[in-house]
Amino acid sequence: MITAEQSEQLRAWFAERLPVDVYESLVSVTVDREEITVVGTVPAAESVKEFRERTREQRVEVAREAEELYRRKVAWGVRSGEETTLFTHLAVPVMTRLRQSERQVLDTLVAGGVARSRADALAWCVRLVGKNTDTWLAELRDSLDKVQQVRAQGPDVDIQKSESE
């Protein structure tokens, strides 16, 4: 898991590399094991389609540098008002084991037309949980950041001295 400090360094890296006219403002830089997603606000007078076309070469250049440096794919998105549109982002397969009662939930969502497949149904469930537990998940992520900081500091113990005693 990436720490808050690493996340802030990554955001600063993109803020430095992106030309001033790409985004009106940088909203977020989100990272996981496979992907970095960069989202900014699109200028008010510009559509998402116009933005994509106008900034494609600039974004590709920055993405190539980031992908080589960070060994992750770069995805892009824009926020216009309250709506966020992502493009060039990954859908990564995730293996899971589910018991029958859990599979039945997915199958009900498929049978009810909520999802096309078990994979879509599981993605729908994850989005629903994320949407309804944003505050709790944010607190959990903050706690994990603190755990990472404590681990990085390590104990203040001289191991060789302790072993010889």
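Where does Arg-71 lie? Arg-71 sits in the loop between H2 and strand S3 (73–80). The model is a predicted one. It contains an open sheet of 4 strands. Helices H3 (residues 100–111) and H4 (residues 118–132) form a contact of their own.

**The sheet**

- The strand order is S1-S2-S3-S4, and the pairing is mixed.
- Strand S1 (25–31) and S4 are the edge strands. Each has a single partner strand, so one side of each lacks a neighbour in the sheet.
- On average, neighbouring strands of this sheet are turned by 20° against each other, direction ignored.
- S3 and S4 pair in the antiparallel sense, over 5 bridges.
- Across from Val-78 stands Thr-85 in S4.

**Helices on the sheet**

**H1 against H2**

- Helix H1 (residues 4–17) and helix H2 (residues 48–70) pack with their axes 11 Å apart. Their angle is about 150°.
- Angles over 145 degrees count as roughly antiparallel, so H1 is roughly antiparallel to H2.
- The crossing of H1 and H2 is right-handed.
- From H1, the contact is made by Leu-10, Trp-13, Phe-14 and Arg-17. From H2, it is made by Val-62, Glu-65, Ala-66, Leu-69 and Tyr-70.
- By class, the residues of this contact are 7 nonpolar, no polar and 2 charged.

**H3 against H4**

- The axes of H3 and H4 come within 9 Å and cross at roughly 100°.
- An angle of 65 to 115 degrees counts as roughly perpendicular, so H3 is roughly perpendicular to H4.
- H3 brings Arg-103, Leu-106, Asp-107, Leu-109 and Val-110 to the contact. H4 brings Arg-118, Ala-121, Leu-122, Trp-124 and Cys-125.
- The contact of H3 with H4 divides into 7 nonpolar, no polar and 3 charged residues.

- Thr-37 lies in strand S2 (residues 35–41).
- Is Thr-37 buried or exposed? Thr-37 has 14% relative accessibility. Buried means under 20%, so Thr-37 counts as buried.
- Neighbours within four places in sequence aside, Thr-37 is in contact with Ser-28, Val-29, Thr-30, Ala-75 and Leu-86.

- Arg-71 is not a glycine, yet has a positive phi of about 55°.
- The relative accessible area of Arg-71 is 66%. Exposed means over 50%, so Arg-71 is exposed.
- Thr-88 is found in the loop between strand S4 (83–87) and H3.
- Thr-88 has a positive phi of about 55°, although Thr-88 is not a glycine.
- At 46% relative accessibility, Thr-88 counts as partly exposed.

Terms used: Residues are numbered from 1 along each chain as its sequence is written. This is a predicted model: local features need pLDDT of at least 70, side-chain atom pairs count only at pLDDT 80 or more; totals for chains, interfaces and linings use all residues. Side-chain values use heavy atoms; hydrogens and water are left out. Helices (H or I, at least four residues) and strands (E, at least two) are DSSP runs, numbered from the N terminus. Buried means under 20% relative accessible area, exposed over 50%, partly exposed in between (1.4 Å probe, protein chains only). Contact means heavy atoms within 4.5 Å. Axes are lines fitted to C-alpha atoms, for helices over the stretch in contact, and angles run from 0 to 180 degrees between N-to-C directions. Angles under 35 degrees count as roughly parallel, over 145 as roughly antiparallel, 65 to 115 as roughly perpendicular and the rest as oblique. Ala, Val, Leu, Ile, Met, Phe, Trp, Tyr, Cys and Pro count as nonpolar, Asp, Glu, Lys and Arg as charged, and the others, Gly among them, as polar. A crossing is left-handed if the near helix is turned anticlockwise from the far one by less than a right angle, and right-handed if clockwise. Two strands pair if DSSP finds at least two bridges between them.
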